[in-house]
Amino acid sequence: EQEQDQEQEQEQEQEQEQEQEHEQKQEQEQEQEQEQEQEQEQEHGQEQEQEQDLGQKQEQEQEPEQD
């Protein structure tokens with residue numbers, strides 16, 4: 001009976017380890033998603049900057065017409 005108990009304990013420990021690994025994987029995936037979101041935000045920021053530059057160019061082109 002003692003041996004069986006030990007086997008059960010070992011199985012439980014293995015299951016716990018697997019659960020921990022699974023949790024770690026999930027955490028890693030979440031981190032990757034966050035990184036991707038940050039990259040997308042940066043790209044979006046760059047696009048906005050480009051749009052601002054275009055706006056400034058258009059304003060400069062319009063200035064001579066106003067004279």
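**The whole chain**

Start with everything selected: the protein has 1 helix and 0 strands. Here helices are DSSP runs of H or I with at least four residues, strands are runs of E with at least two, and both are numbered from the N terminus. The radius of gyration is 29 Å, well over the 11 Å that the globule rule gives for 67 residues, so the protein is more spread out than a compact globule. (That radius is taken over C-alpha atoms, and the rule is 2.2 Å times the number of residues to the power 0.38.)

Keep in mind that this is a predicted model, where local features need pLDDT of at least 70, side-chain atom pairs count only at pLDDT 80 or more, and totals for chains, interfaces and linings use all residues. Residues are numbered from 1 along each chain as its sequence is written, and side-chain values use heavy atoms, leaving out hydrogens and water.

**Select residues 2–66**

That's helix α1, with 65 residues. At 1.5 Å a residue it should span 96 Å, and its end C-alpha atoms are 96 Å apart, which agrees. (The expected span is 1.5 Å times one less than the number of residues.) How many residues of α1 are buried? The count is 0, so to speak a hardly covered helix. Buried means under 20% relative accessible area, exposed over 50%, and partly exposed in between, with a 1.4 Å probe and protein chains only.

Click H44 in α1. H44 is partly exposed, at 44% relative accessible area. Its C-alpha sits 26 Å from that of E61, 17 residues apart in sequence.

Finish at Q66, also in α1. Q66 counts as exposed, with 66% relative accessibility.

Key:
Expected span 1.5 Å × (residues − 1).
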